[in-house]
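User: I have a model open here and would like to go through it with you, residue by residue. Could you put it up so that we look at it together?

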Amino acid sequence: MNQDEFQSLYDFTGRTVLITGGAGVLGIEIARMLVQCNANVVILSRNQERAEKSMAEINADVKGKGRAIFAQGDVLEINTLQQAKETIHSQFGDVDILINAAGGNHSSATTKPDISFFDLPLDALRHVGDLNLLGTILPCQVFGRGMAERSEGVILNVSSMNAFRPLTRIPAYSAAKAAVNNFTQWLAVHMAQNYSPRIRVNAIAPGFFITEQNRFLLTDKDSGELTARGKSVIAHTPMNRFGTPEDLLGATIWLISPAAAFVTGTVIPIDGGFSAFSGV
Ligand SMILES: NC(=O)c1ccc[n+]([C@@H]2O[C@H](COP(=O)([O-])OP(=O)(O)OC[C@H]3O[C@@H](n4cnc5c(N)ncnc54)[C@H](OP(=O)(O)O)[C@@H]3O)[C@@H](O)[C@H]2O)c1
């Protein structure tokens, strides 16, 4: 392979990428990068106003062949995903690449000094479990079907470093992301064996990135100083810092590109070494 051929592996001209959670803190950076790489990008969100604003910003910034559009959808409502599929088809055709970035924890499913594990409410546990696991499985059903029919496609799930070793206080989120890892492996095998070895399924497992979901678990609301938990995270991160959304881009583009043509069923930690460090 010569240099031009190698560089063209990262040119997504004519490829349609759907990003669930594409208007979120991490999803938006992935969307921007893919539009810069000439992809047709679909930002799936429940929130039209926010997603359209993100989409307009990206389209105004990027001068290449890529373009972003918005599709309304809820990853837990299969009918809305089917509708989104039709909207996308009319504008860009089939979805070639699905990135499942919708997900996250919710404070109501987090133990606190005044709420023990024994008192975590059922609906909070169910919501976090469903959002992260079913919210990954349902888009794979809806958009993976077309990949199976065309014998080609790429799925990238967004897991979390706490899938490998659970973090304290967030039992439903940890368990759900562990299930996402397991499902990533399951679907990789299922697609390759039953449909096509040219359908690949992988995941990234981000470590600690300061976002709205975890800001006040890691930093003090008033002083902005690291909390005890924030200090502990940094102490257990050999690279000695939190991640930034840009840190996800290299592994993401590699996994969804033909450069990773022989890679399926993997979960790549992007965590500054957190999951490798024993603490001693
Ligand atoms: N931030 C971190 O430190 C970190 C670490 C490890 C893993 N992760 C994972 O990375 C992914 C992205 O997280 P983030 O930090 O970017 O969080 P975020 O800013 O809260 O974005 C998450 C997105 O999920 C979407 N979403 C939630 N429920 C949805 C539903 N029912 N249907 C459709 N979309 C839904 C939201 O979209 P709308 O409100 O626009 O619909 C939101 O934009 C998540 O899976 C998260 O678990 C994050």
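User: Where does Glu57 lie?
Analyst: Glu57 lies in helix H3, which covers residues 48–61; helices (H or I, at least four residues) and strands (E, at least two) are DSSP runs, numbered from the N terminus. This is a predicted model, so local features need pLDDT of at least 70 and side-chain atom pairs count only at pLDDT 80 or more, while totals for chains, interfaces and linings use all residues. Residues are numbered from 1 along each chain as its sequence is written, and side-chain values use heavy atoms, with hydrogens and water left out.

User: Is Glu57 buried, exposed or partly exposed?
Analyst: Glu57 counts as partly exposed because its relative accessible area is 38%; buried means under 20%, exposed over 50%, and partly exposed in between, with a 1.4 Å probe and protein chains only.

User: And how far apart are the C-alpha atoms of Glu57 and Arg32?
Analyst: They are separated by 9.1 Å, although the two residues are 25 apart along the chain.

User: What about Arg32 itself, buried or exposed?
Analyst: Arg32 is found in helix H2 and counts as buried, because its relative accessibility is 18%.

User: Which side chain does the side chain of Arg32 make a polar contact with?
Analyst: The partner is the side chain of Asp61, at 3.0 Å. A polar contact is a pair of N or O atoms within 3.5 Å; within protein, one must be able to donate a hydrogen and the other to accept it, and residues adjacent in sequence count only if both atoms are side-chain atoms.

User: Changing topic, which backbone oxygens does the side chain of Asn132 reach?
Analyst: The side chain of Asn132 reaches the backbone oxygen of Gly104 at 2.8 Å and that of Val128 at 2.9 Å. Asn132 is found in helix H5, and it is buried, since its relative accessible area is 0%.

User: OK, the ligand now. Which residues come nearest to it?
Analyst: Of the 29 residues around the ligand, those that come nearest are Ser45, Arg46, Asp74, Tyr173 and Gln213, where being near takes a heavy atom of the residue within 4 Å of the molecule.

User: How far from an oxygen atom of the ligand does a polar side-chain atom of Tyr173 lie?
Analyst: That distance is 2.6 Å. With the backbone, an oxygen atom of the ligand is 2.8 Å from a polar atom of Val25, and an oxygen atom of the ligand is 3.3 Å from a polar atom of Gly24.

User: How much of the ligand does the protein bury?
Analyst: Taken alone the ligand exposes 870 Å², of which the protein buries 91%; accessible areas come from the Shrake-Rupley method with a 1.4 Å probe, and for residues only the protein chains shown count as cover.

User: Which elements give two or more residues to the shell around the ligand?
Analyst: They are helix H2 (25–36), helix H5 (122–150) and helix H6 (171–194).

User: Last topic, the backbone: what is phi of Ser151?
Analyst: Phi of Ser151 is near 60°, a positive value in a residue other than glycine. Most residues other than glycine have a negative phi. Ser151 is found in the loop between H5 and strand S5 (153–158), and with a relative accessible area of 27% it is partly exposed.

User: And where is Arg169?
Analyst: Arg169 is in the loop between S5 and H6. Arg169 has a positive phi of about 80° although it is not a glycine, and it counts as partly exposed because its relative accessibility is 32%.
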